[in-house]
Amino acid sequence: MTAITTTAPATPELSPRVSPLDGVRQSLTLAWRTIVQVRHNPWELGDFSFQPIMFVLLFTFVFGGAIAGDWQDYLQFMLPGMITMNMLFVTMYVAQGLNLDLTKGVFDRLRSLPIARWAPLAGRIAADQVKQAWSIVLVLGVGLILGFRIGTDLAQLLGAVLLLLVFALAFSWVSVLVGVVARDPERVQIFGFTALFPVTFVSNVFVPAESMPGWLQAFVNINPVSILSDACRALMLGDKTVGTPWHVASAGPPVLQSLLWAAVIVAIFAPLSVWAFKRKI
Amino acid sequence: MDHAIWAEGLVKHFGETKALDGVDLAVRTGTVLGLLGPNGAGKTTTVRVLATLLRPDAGRATVNGFDVVSDAHRVRQLIGLTGQYASVDETLTGTENLLLIGRLLGMPRAQARQRAKELLAQFELTEAASRATKTYSGGMRRRLDLAASLVGQPPLLYLDEPTTGLDPRARVELWELIRRLVAGGTTVLLTTQYLDEADVLADEIMVIDHGRVIAAGTPDELKAKTGSQTLAVRPADDSQLPLVASVVGELACATPDVKGHLVTAQVTDPRVLPAVVRRLDDAGVVVTELALRTSSLNEVFLTLTGHPAGEPGGERDEQTDRPRAGERHTERSPA
């Protein structure tokens with residue numbers, strides 16, 4: 001160990017606060033960190049790649065024929081919903097990463113640095129959007145290989161992806177709350193299974209709502225997962241589904257309702273998460 | 001004298017637990033203050049308040065004259081934090097961890113890379129630079145932790161139990177590193193459970209217990225006050241225990257502690273040991289153990305507070321509100 005050149009005891013010029021621009025830059029640096037983590041641990045990429053692929057294959061070939069009479073028809077119906085469902089599961093990575101940072105002490109180090117208070121959170125969510133985009137492309141790609149056919153144009157397809165990302169961003173607040181409240185990363189996963197599975201399954205992702213008992217339909221029809229799935233169906237399939245029980249007449253209403261849901265989720269969970277966060281640290 | 005850190009009447013509650021109960025503290029610029037105390041005494045809470053991570057319920061603190069609450073951002077530009085909880089990212093490599101911090105501090109990419117390289121070389125981590133931190137040994141991790149807190153060349157360094165859990169060799173290596181930093185002019189606030197660590201590194205020591213400072217002074221002053229060393233005598237014949245206790249008590253000018261077959265007493269004067277040997281020899285007492293050793297934190301506590309510090313590790317975690325088992329009411333062992 002050679003001489004350590006560490007200190008500049010003279011007080012440097014200190015800025016009184018972080019500029020928003022610096023905050024954005026710091027968030028991007030922290031997002032870079034999350035992406036590097038994936039590069040080091042490609043299995044994490046596998047985590048959110050294998051499961052959706054497996055689900056697509058399982059539902060298409062095992063249940064597809066029984067539900068829709070023909071697995072090809074079923075793939076057309078199910079894939080947009082599957083992409084929606086998978087998006088919700090991927091938001092749990094925000095929760096897990098955040099929880100890991102909090103329990104392992106990384107967050108304390110970050111908070112002792114002169115960076116924007118919101119940068120660690122924003123960085124994590126930004127990185128999560130990259131993972132989201134990846135998993136959307138992945139599920140869509142697998143679907144296309146299996147025979148999923150887009151009935152609209154590229155603009156509407158991109159609109160669907162954008163809508164999914166906007167919703168994911170809103171839903172990140174739920175996962176922030178889970179990440180802050182959970183005692184350890186395992187509990188985050190338990191939440192993912194016990195809360196997200198029912199919410200995503202009791203929807204029209206896998207079967208049309210009409211096949212369910214009336215009382216359940218009531219829930220399914222207001223479930224944002226159903227609404228968002230419908231929006232994606234309309235934007236991806238368009239008129240291709242005319243005559244099927246899952247035809248969505250117009251993309252307008254489900255898209256607007258999805259955005260409304262996103263706003264409601266932010267309105268409820270953003271203040272709640274910030275409150276829990278401040279209480280924890 | 002110029003104070004880098006100054007705190008007055010810091011109070012912090014965690015639910016029912018009073019983690020800080022009016023801590024006053026001052027660290028002169030360019031010196032090392034050792035905050036000594038058992039687990040759960042309030043050391044980490046104090047550091048967290050001074051590092052702007054925790055808002056005190058009462059009292060105020062300044063770092064280089066800037067308030068840790070109202071001027072937190074300025075304070076953060078002055079401090080480096082390292083220790084048991086402010087950790088590096090296990091999944092990143094050593095280089096990436098330092099690069100991340102350099103970039104967060106606003107360094108251009110090339111400069112951050114250069115700084116990371118420099119620090120890794122200084123801390124003998126160059127070979128492990130591109131390995132994930134989770135593969136590091138305990139000593140390597142602490143060195144990287146320390147390096148991470150030095151990226152921005154802060155004039156103030158908080159070291160929270162920097163050597164807890166390290167093997168003796170890694171511990172001495174880390175001490176050496178800290179000494180060099182101090183020689184370079186860095187002001188250091190160090191917390192530790194080990195008297196020898198505070199003795200080696202600190203210019204001034206503050207002993208903290210139950211969120212309150214119970215003693216303060218230079219290591220020499222404190223040692224003079226508490227007895228720096230402990231004399232232990234074990235007679236071969238148990239029936240001679242009272243005799244040994246009275247001899248030790250008389251010569252050490254302290255109340256001896258008899259536990260099992262062992263008599264112990266705090267001593268400040270090195271001449272006590274030969275004197276005890278002579279007297280016991282004259283009295284025909286055969287001993288199976290006779291030793292002079294550095295006082296443990298427990299013994300210092302016993303002298304200062306009249307109650308033992310409690311077994312390290314078996315107590316309340318400062319982060320949670322779980323109560324420490326029987327700590328406040330522990331009776332002094334029968335003498």
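**Two chains, one chat**

Tutor: Start with contacts in chain A. Of those with a separation of 6 or more, 80% come from residues 24 or more positions apart. Keep in mind that this is a predicted model.

Student: How many helices and strands are in chain A?

Tutor: Chain A has ten helices and zero strands. Read from the N terminus, its elements go α-α-α-α-α-α-α-α-α-α.

Student: And what does its C-alpha trace span along the principal axes?

Tutor: About 75 × 40 × 35 Å for chain A. Of its 281 residues, 43% count as buried.

Student: On to chain B. Which domains is it divided into?

Tutor: Domain 1 covers 3–223 and domain 2 covers 229–294. Their C-alpha centres are 40 Å apart.

Student: What about the sheet in chain B, what's the strand order?

Tutor: It is an open sheet of four strands, ordered β2-β1-β4-β5, with antiparallel pairing. β2 and β5 (66–67) of chain B are the edge strands, each pairing on one side only.

Student: How many bridges join β1 to β2 in chain B?

Tutor: Nine. In chain B, β1 is residues 3–14 and β2 is residues 17–28, and the two run antiparallel.

Student: Switching to the interface. How many residues of each chain are in contact?

Tutor: On chain B there are 39, in contact with 30 residues of chain A. Several elements of chain B each supply at least two residues to the side that touches chain A: α2 (72–76), β6 (79–83), α3 (94–104), α5 (138–150) and α6 (168–183).

Student: Which one gives the most?

Tutor: α3(B), with five residues.

Student: How do the residues on that side of chain B divide: nonpolar, polar, charged?

Tutor: On the side of chain B that touches chain A, 18 are nonpolar, 13 are polar and eight are charged.

Note on methods. Residues numbered from 1 in each chain as written. Chains lettered and ligands numbered in written order. Predicted model: local features only at pLDDT ≥ 70, side-chain atom pairs only at ≥ 80, totals over all residues. Contact = placed C-beta atoms within 7 Å. Nonpolar A, V, L, I, M, F, W, Y, C, P; charged D, E, K, R; others polar. Domains from an automatic or database assignment. Pairing = 2+ DSSP bridges. Buried ≥ 20, exposed ≤ 12 C-beta atoms within 10 Å, placed from the backbone.
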